[in-house]
Amino acid sequence: QNSNGILICQDNAWMDENGMMAWIDQILVPYLQQKGDGIVPVLILDSYKVHKMDSVERKLRDVGVEFYFIPGGCTSVAQPVDVGIGKPFKDRLREKWMNWAIELGEDIVDYPPPSRAQVVGWIDESLNEL
């Protein structure tokens, strides 16, 4: 964790139960503690299997969040943050990766993976560009 965010790594690069629970505890709960009385937070989630786990649903209810699942294929109409922030963020991140690969040289057949520090730097830069 630093002043810009919290980094959680998972071997397969997919959100898993531990990552979701960490997001709830470290991001969502502190945010909810700032809300006014009488406000019921609503979270709209896609139908990803981790979001529908009993443990995740229970945790969300325990912290007072109402949650709803959108059907598959509805991201463009039901998740404006994915469209307005997620896509531009991923586009910027992809561009940084492509520039890095180009700088390695076109004669390399099997690119080594970038370091985690490099990827975290790209993430930070991409977020700051939004």
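Visitor: Which residues lie nearest the centre of the largest pocket?

Guide: Welcome! Please keep in mind that this is a predicted model. The largest pocket is lined by 45 residues, and about 2,400 Å³ of space lies in it. Nearest its centre are I8, M15, F89, K90 and I123.

Visitor: Which helix gives the largest share of the lining of the largest pocket?

Guide: Several elements take part, so let us begin with those that each supply at least two residues: helix 1 (17-32), strand 1 (42-45), helix 4 (80-104) and helix 5 (116-129). The largest share is eleven residues, and these come from helix 4.

Visitor: How many residues of that lining are nonpolar, in the largest pocket?

Guide: The lining of the largest pocket also holds ten polar and eight charged residues. The nonpolar residues in this lining number 27.

Visitor: What is the volume of the second largest pocket?

Guide: The lining of this pocket includes W23, I27, L28 and Y31, along with V42, L43 and V65. Its volume is about 180 Å³.

Visitor: Which helix supplies the largest share of the lining of the second largest pocket?

Guide: Helix 1 and strand 1 each supply at least two residues here. By class, the lining has ten nonpolar, no polar and one charged residues. The largest share, five residues, comes from helix 1.

Visitor: Are helix 1 and helix 2 roughly parallel or roughly antiparallel to each other?

Guide: The axes of helix 1 and helix 2 (residues 54-62) come within 10 Å and cross at roughly 10°. Angles under 35 degrees count as roughly parallel. Helix 1 and helix 2 are therefore roughly parallel.

Visitor: Which residues of helix 2 make the contact with helix 1?

Guide: By class, this contact has six nonpolar, one polar and three charged residues. On the helix 1 side are E17, M20, M21, I24, D25 and L28. On the helix 2 side are S55, V56, K59 and L60.

Visitor: Is E57 buried or exposed?

Guide: E57 is found in helix 2, and leaving out residues up to four places away in sequence, it touches H51, K52, F67 and F69. Its relative accessibility is 16%, and the cut-off for a buried residue is under 20%. E57 therefore counts as buried.

Visitor: What covers the buried residues of helix 2?

Guide: The buried residues of helix 2 are S55, V56, E57 and L60. Their cover includes helix 1, strand 1 and strand 2 (66-69).

Visitor: Which residue just after helix 2 takes a positive phi?

Guide: Look just past the end of helix 2, where the phi is about 85°. The residue with this positive phi is G64.

Visitor: Is H51 buried or exposed?

Guide: H51 sits in the loop between strand 1 and helix 2. Its relative accessible area is 12%, and a residue under 20% counts as buried. H51 is therefore buried.

Visitor: What distance separates the C-alpha atoms of H51 and M20?

Guide: Setting aside neighbours within four places in sequence, H51 is in contact with M20, L45, D46, V56, E57 and F69. Along the chain, H51 and M20 are 31 residues apart. Their C-alpha atoms are separated by 7.7 Å.

Methods
Residues numbered from 1 in each chain as written. Predicted model: local features only at pLDDT ≥ 70, side-chain atom pairs only at ≥ 80, totals over all residues. Heavy atoms only, no water. 1 Å grid on protein atoms, 1.4 Å probe; cavity = no way out; pocket = protein on both sides within 12 Å on 5 of 7 lines; lining within 4 Å. Points joined across faces, edges and corners; volume = space filled by probe spheres on them. Helix = DSSP H or I, 4+ residues; strand = E, 2+ residues; numbered from the N terminus. Nonpolar A, V, L, I, M, F, W, Y, C, P; charged D, E, K, R; others polar. Axes fitted to C-alpha atoms, helices over the stretch in contact; angles between N-to-C directions. Parallel < 35°, antiparallel > 145°, perpendicular 65-115°, else oblique. Contact = heavy atoms within 4.5 Å. Buried < 20%, exposed > 50% of the residue type's maximum accessible area, 1.4 Å probe, protein only.
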